[in-house]
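Take a look at the chain below. This short report walks through its overall build, then its confidence, then one residue.

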Amino acid sequence: MVSVGLSHLRVCDLGGQLAGAGATKILAAFGAEVIRVEDPATRGMWDALRGVGPFVDERRGVNLGAGFNNHNVGKLGVTINLRQEAGKQLLRELIAVSDIVCENFAAGVLDRMGFGYDELRRIKPDIIYVSNCGFGHSGPYRDFKTWGPIVQALSGLTFTAGLPDREPAGWGYSYMDHVAAYYMTVSILAALHQRERTGEGQHIDLATVPAGIAMLPTEVLDWTVNERPARRPGFPDGNHADFGEMAPHGIYPCRGEDRWIAIACRDDRDVALLSKVVDEPRLTDDRFATLEQRLLGADALDALVSACTRTREASSLAAELSAAGVPASVVKSPRERIDEDPDLAEWGLFPTVTHPEIGTVRVEGLPLRMSASPWSISRAAPCLGEHNRHVLGGLLGRSDQELDELTKRGVI
């Protein structure tokens, strides 16, 4: 089924990596025509994801990066050299027939290319223009260059994660790219609604560092009210409840290599149920009788729970605890999460696409259902310049002879 929810929209996508590409992937999944513009002169390295892994086999190249394919499914792809005036003219023509222009260059880059918001409005008065960068286009840090892990450090996310007496561990790679993509999608839909009411477009200035700070409401509140930092001497590690509201609450080892279970005991009743399931009466000893006592003896409590879980198989133990009413789950491996989870299979969260060079692979879908306008992902990401003739010829009206000449001159 092809979604028609946003099929009336055309997006000129100048974004890259994930912060920009993730938002337009969502729009494409709901039917928007997204035209991904790239630079022919750099052989696709405008977007660093084009040539990096993971890869399906030993082949390497600008069309073989699985990350790029995952974040750009459903889009058309063209190449335009914006260093040449003929290329700039092509982009002007594409903007003129588009509803939305998206980019995630550093602040000011598109202005220096001659495509700032004032110029975009001259080309298309009701254009919606979304710029996505670390600190936005104003303020003292506007020229600061960021990347996913840098944004996490600047926003304070990195500071919140890690083991006691160790350096902050961070949140993995580029979580903020995902979050910025979601904010970008919401802002585009809000701007479209405003344009339908007023006929006016607008510039959306999205900053990923403040978006990261918005993910820290409890930490921000604790500092504002109590002047307590998220990491302080003796403060539990990232597997414990943030503010001492539960214990035991953590990740515990199970039988087998790299097998773990997550357990959260919300109250005395959960602790009693855990004690019964793992057959360890010492969990309800007087020394662990209250939450305050369990928190004071957290290390001994965790050691006792770990000794019990270490001999148990993770899946069966998680099932027993859940059946008893104790929140618990296996810490799932990629195989368990993607291949063996019946819930995700029912959701259809990993659809299959066939890429002309990579082959048939699964990609990430969207974790939502809409009864009237469902999303659809069926087309792989474009190879570099794959749709030049379809878009620049069919949409913009350039003849085959003109396109051949533009190719020879390095314009496309």
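## Overall build

The chain holds 17 helices and 11 strands. This is a predicted model. Along the principal axes, the C-alpha atoms fill a box of roughly 85 × 45 × 40 Å. The chain has 412 residues, and 48% of them count as buried. Its accessible surface comes to about 20400 Å². Carbon and sulfur atoms account for 55% of that surface.

Now the contacts. Take those with a separation of 6 or more: 67% of them join residues 24 or more positions apart.

Charges come next. There are 43 positive and 55 negative side chains. The centres of these two sets lie 4 Å apart.

## Confidence

The mean pLDDT of the chain is 89. A value of 70 or more is reached by 95% of the residues.

Which stretch stays under 50 in pLDDT? That is residues 232-236. Beyond four places in sequence, the model has four contacts for this stretch. Where pLDDT is low, the predicted coordinates should not be read in detail.

## One residue

Ala-319 sits in helix α13, which spans residues 314-324. Is Ala-319 buried or partly exposed? Ala-319 counts as partly exposed because its relative accessibility is 49%. Val-330 is 11 residues away from Ala-319 in sequence. In space, the two are 9.0 Å apart, C-alpha to C-alpha.

How values were computed:
Residues numbered from 1 in each chain as written. Predicted model: local features only at pLDDT ≥ 70, side-chain atom pairs only at ≥ 80, totals over all residues. Heavy atoms only, no water. Helix = DSSP H or I, 4+ residues; strand = E, 2+ residues; numbered from the N terminus. Buried < 20%, exposed > 50% of the residue type's maximum accessible area, 1.4 Å probe, protein only. pLDDT = per-residue confidence, 0-100. Contact = heavy atoms within 4.5 Å. Areas by Shrake-Rupley, 256 points an atom, 1.4 Å probe, with all protein chains shown as cover. Lys, Arg positive; Asp, Glu negative; His and termini not counted. Charge placed at Lys NZ, Arg CZ, Asp CG, Glu CD.
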